[in-house]
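Open the model in your viewer and keep the selection panel at hand. This tour goes stop by stop.

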Amino acid sequence: KAAKSLENAAKKIEDSKEIKAYYFFIAGNYRERANETKEALQNFSISSSLLVAKDTPSFFAWSLFHTARLKALTGDKEGAKKDLGRVLEIESEESAENLKSVKELTTYLILKLNKG
């Protein structure tokens, strides 16, 4: 129920793409916890599509990472690799420390995908 409420609220937000993205990101987390992988992937994809790396580098990176992770989980290995590559391309001096952990997890997932 919470995910559906967040999705409905997000669709009504017009003045801030970042807030809209945040609602979809949180909805994606709820959907994943409810084992609704397809819906979670859709929410994370919407979230990342609303963001720009130069404005919100860490949030954009995490949205892309979760999109890629769920693509990998659902069998879209090439789509996952593409999104993971985009995560590694994100650069930001102000957010370097915040980007460190998402880039480490991204690298691990790339290695895992390339291995099997």
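Begin with the charged pairs: the structure holds 8 salt bridges. A salt bridge here is a side-chain nitrogen of Lys or Arg within 4 Å of a carboxyl oxygen of Asp or Glu. This is a predicted model, in which local features need pLDDT of at least 70 and side-chain atom pairs count only at pLDDT 80 or more, while totals for chains, interfaces and linings use all residues. Residues are numbered from 1 along each chain as its sequence is written, and side-chain values use heavy atoms, with hydrogens and water left out.

**Stop 1: E7 and R31**

Select R31 and E7. Their side chains form a salt bridge, 2.7 Å from N to O. The pair links distant parts of the chain, 24 residues apart: R31 sits in helix 2 (residues 17–33) and E7 in helix 1 (residues 2–12). Helices (H or I, at least four residues) are DSSP runs, numbered from the N terminus.

Buried or exposed, which is R31? R31 counts as buried, at 14% relative accessibility. E7 is buried as well, at 7%. The cut-offs are under 20% relative accessible area for buried and over 50% for exposed, with partly exposed in between (1.4 Å probe, protein chains only).

A polar contact of 2.7 Å joins the side chains of E7 and N43. Such a contact is a pair of N or O atoms within 3.5 Å; within protein, one must be able to donate a hydrogen and the other to accept it, and residues adjacent in sequence count only if both atoms are side-chain atoms.

Now show what surrounds E7. Leaving aside neighbours within four places in sequence, E7 is in contact (heavy atoms within 4.5 Å) with F24, A27, R31 and N43.

**Stop 2: D83 and R86**

Move to helix 5 (residues 77–89), where D83 and R86 both lie, 3 residues apart, about one turn of the helix. Their side chains meet in a salt bridge of 3.8 Å, N to O. D83 is buried at 5% relative accessibility. R86 is partly exposed at 36%.

**Stop 3: K103 and E91**

Select K103 and E91. This salt bridge has its closest N and O atoms 3.3 Å apart. The pair links distant parts of the chain, 12 residues apart, with K103 in helix 6 (residues 96–115) and E91 in the loop between helix 5 and helix 6. K103 is buried at 18% relative accessibility, whereas E91 is exposed at 62%.

**Stop 4: the largest pocket**

Select F65, R69, A72, L73, L105, Y108, L109, K112 and L113, which line the largest pocket. Which helix gives the largest share of the lining? Helix 6 does, with 5 residues. Helix 4 (57–73) and helix 6 each supply at least two. The lining divides into 7 nonpolar, no polar and 2 charged residues.

**Stop 5: K54**

Finish at K54, in the loop between helix 3 (37–50) and helix 4. K54 is exposed, with a relative accessible area of 69%. Then draw a distance to E78. The C-alpha atoms of K54 and E78 are separated by 25 Å, and the two residues are 24 apart along the chain.

**Terms for the pocket stop**

- Pocket: on a 1 Å grid over the protein atoms alone, an open set of points where a 1.4 Å probe fits, with protein on both sides within 12 Å along at least five of seven lines; lining residues have an atom within 4 Å of a point.
- Residue classes: Ala, Val, Leu, Ile, Met, Phe, Trp, Tyr, Cys and Pro count as nonpolar, Asp, Glu, Lys and Arg as charged, and the others, Gly among them, as polar.
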